[in-house]
Amino acid sequence: MNKGIYVIMLQIIKSQRLKCRKKEFILREGTYAYVGSGMKDLAGRVKRHLIRRKKKWWHIDYLLEISKVLWVLLLPTDERKEEMLSRELSRVFPSVPGFGSSDLRVKSNLFLIDDEKKLLETIFSILKK
């Protein structure tokens, strides 16, 4: 199976403004988790994100230019669980409003993480549903 959702754990070294085409985000120093989906080609979507030189399309493409990837978690599934995971993470962690969620009914797909264990527990609880 090559479809599902993914989480990219990132580190931002210093607080800064991030311009993404028409939007601008204020990101403070810290560790972030980005939630995305690849319902046609999960591995290909993540591989594209991790390539350094590419045409920037999604918010995550801009973010990856100013951050360090700590780890990536691929979660194969036939079900569309990106929105469900982002909604649950927003109950646990602060989010960056409007980041990466324009095609969903959630406020964000980017979360400031202060407890990696709690992040993983939340992710795996969603997969069980």
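**Entry 1: ground rules**

I start with a definition: a residue is buried under 20% relative accessible area, exposed over 50% and partly exposed in between, using a 1.4 Å probe and protein chains only. With that in hand, I looked up Arg-91, which is exposed at a relative accessible area of 59%.

I note that this is a predicted model, in which local features need pLDDT of at least 70 and side-chain atom pairs count only at pLDDT 80 or more, while totals for chains, interfaces and linings use all residues. Residues are numbered from 1 along each chain as its sequence is written, and side-chain values use heavy atoms, with hydrogens and water left out.

**Entry 2: salt bridges**

I call it a salt bridge when a side-chain nitrogen of Lys or Arg is within 4 Å of a carboxyl oxygen of Asp or Glu. By this rule I get 7 salt bridges.

Back to Arg-91: its side chain meets that of Glu-88 in a salt bridge, 2.8 Å from N to O. I find both in helix α3, 3 residues apart, about one turn of the helix.

Next I looked at Lys-3 and Asp-78, whose side chains form a salt bridge at 3.8 Å, N to O. This pair links distant parts of the chain: Lys-3 sits in the segment before β1 (4-12), and Asp-78 in the loop between β5 (68-76) and α3, 75 residues apart. Lys-3 is partly exposed at 31% relative accessible area, whereas Asp-78 counts as exposed at 52%.

Which residues are linked with Glu-24 in a network of salt bridges? I find Arg-17 and Lys-19 there with Glu-24. The side chains of Glu-24 and Lys-19 meet at 3.9 Å, N to O. Glu-24 is partly exposed, with a relative accessible area of 40%, and Lys-19 is exposed at 58%.

**Entry 3: strands side by side**

My rule here is that two strands pair if DSSP finds at least two bridges between them. I began with β1, where 8 of the 9 residues are buried, so this strand is largely enclosed by the rest of the structure.

β1 pairs with β4 in the antiparallel sense over 9 bridges. One place to look is Leu-10, whose bridge partner in β4 is Tyr-32. β1 is also joined to β5 by 8 bridges, again antiparallel; here Gln-11 has Lys-68 in β5 as its bridge partner.

How many bridges join β4 to β6? I count 4, and these strands run antiparallel. Tyr-32 turns up again, standing opposite Leu-112 in β6.

I then checked which way the side chains of β6 point. In a regular strand the side chains alternate between the two faces of the sheet. In β6, Leu-110 and Leu-112 point one way and Phe-111 and Ile-113 the other, and all are buried.

**Entry 4: aromatic rings**

Rings of Phe, Tyr and Trp (its six-membered ring) pair if their centres lie within 6.5 Å; planes under 30 degrees apart are stacked, over 60 edge-to-face, and the rest tilted. I find 3 aromatic pairs in the structure.

Why is the pair of Tyr-34 and Phe-99 edge-to-face? The ring centres are 6.1 Å apart and the planes stand at 85°, so the pair gets that label. Tyr-34 is in strand β4 (residues 30-38) and Phe-99 in the loop between α3 (82-92) and β6 (110-113), 65 residues apart, so I note a link between distant parts of the chain. Both residues are buried.

Is Ser-37 buried or exposed? I find this residue of strand β4 buried, with a relative accessible area of 16%. Its side chain makes a polar contact (N or O atoms within 3.5 Å, one able to donate a hydrogen and the other to accept it; residues adjacent in sequence count only if both atoms are side-chain atoms) with the side chain of Glu-82 at 2.8 Å.

I define contact as heavy atoms within 4.5 Å. Leaving aside neighbours within four places in sequence, Ser-37 is in contact with residues including Gly-4, Tyr-6 and Arg-45.

Methods: Helices (H or I, at least four residues) and strands (E, at least two) are DSSP runs, numbered from the N terminus.
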